[in-house]
Amino acid sequence: MWSGIAVDIVVVAEIAPSGDDHACRWITLRHAVDHIHIVATLTRQDGRKPNLRGNWFAMRAACCRAETRYGLRRTTPPSTGDVRPH
């Protein structure tokens, strides 16, 4: 289950698109029964940088799908409040 969730997230984030042998390298860490952490390099094997702009929304959707599919506890996204200086 956890490996499938991790793969879904790195694919939709374009960190490691399916079939891309030059994609960024990544690993999954599971240190508790209820969650994982994904650690990825942000340089592809061919030296280019991945395009991560706007991928937060795709990653969030993949997390929500996994929560529904596997009956996991629903999470809320972090606050995206106004952080500009006043």
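This is a predicted model: local features need pLDDT of at least 70, side-chain atom pairs count only at pLDDT 80 or more; totals for chains, interfaces and linings use all residues.
Classified by residue type, the lining of the largest pocket consists of 12 nonpolar, four polar and four charged residues. Helix H1 (2-12), strand S2 and helix H2 each contribute at least two residues to this lining. The greatest contribution comes from H2, which supplies six residues.

Strand S2, one of the elements that line the largest pocket, spans residues 35-40 and is paired with strand S1, which covers residues 26-32. The two strands run antiparallel and are joined by five bridges. Together, S1 and S2 form a hairpin in which two residues lie between the strands. Within this pairing, Trp-26 is placed opposite Ala-40 of S2.

Helix H2, the leading contributor to the pocket lining, extends over residues 55-70 and includes Asn-55. Asn-55 counts as buried because its relative accessibility is 8%, whereas the threshold for burial is under 20%. The side chain of Asn-55 reaches the backbone oxygen of Asn-51 at a distance of 3.0 Å. When neighbours within four places in sequence are set aside, the contacts of Asn-55 are with Val-12, Ala-13 and Glu-14. Of these partners, Val-12 falls within the residue range of helix H1 (2-12).

Note on methods. Residues are numbered from 1 along each chain as its sequence is written. Side-chain values use heavy atoms; hydrogens and water are left out. Helices (H or I, at least four residues) and strands (E, at least two) are DSSP runs, numbered from the N terminus. Buried means under 20% relative accessible area, exposed over 50%, partly exposed in between (1.4 Å probe, protein chains only). A polar contact is a pair of N or O atoms within 3.5 Å; within protein, one must be able to donate a hydrogen and the other to accept it, and residues adjacent in sequence count only if both atoms are side-chain atoms. Contact means heavy atoms within 4.5 Å. Two strands pair if DSSP finds at least two bridges between them. Ala, Val, Leu, Ile, Met, Phe, Trp, Tyr, Cys and Pro count as nonpolar, Asp, Glu, Lys and Arg as charged, and the others, Gly among them, as polar.
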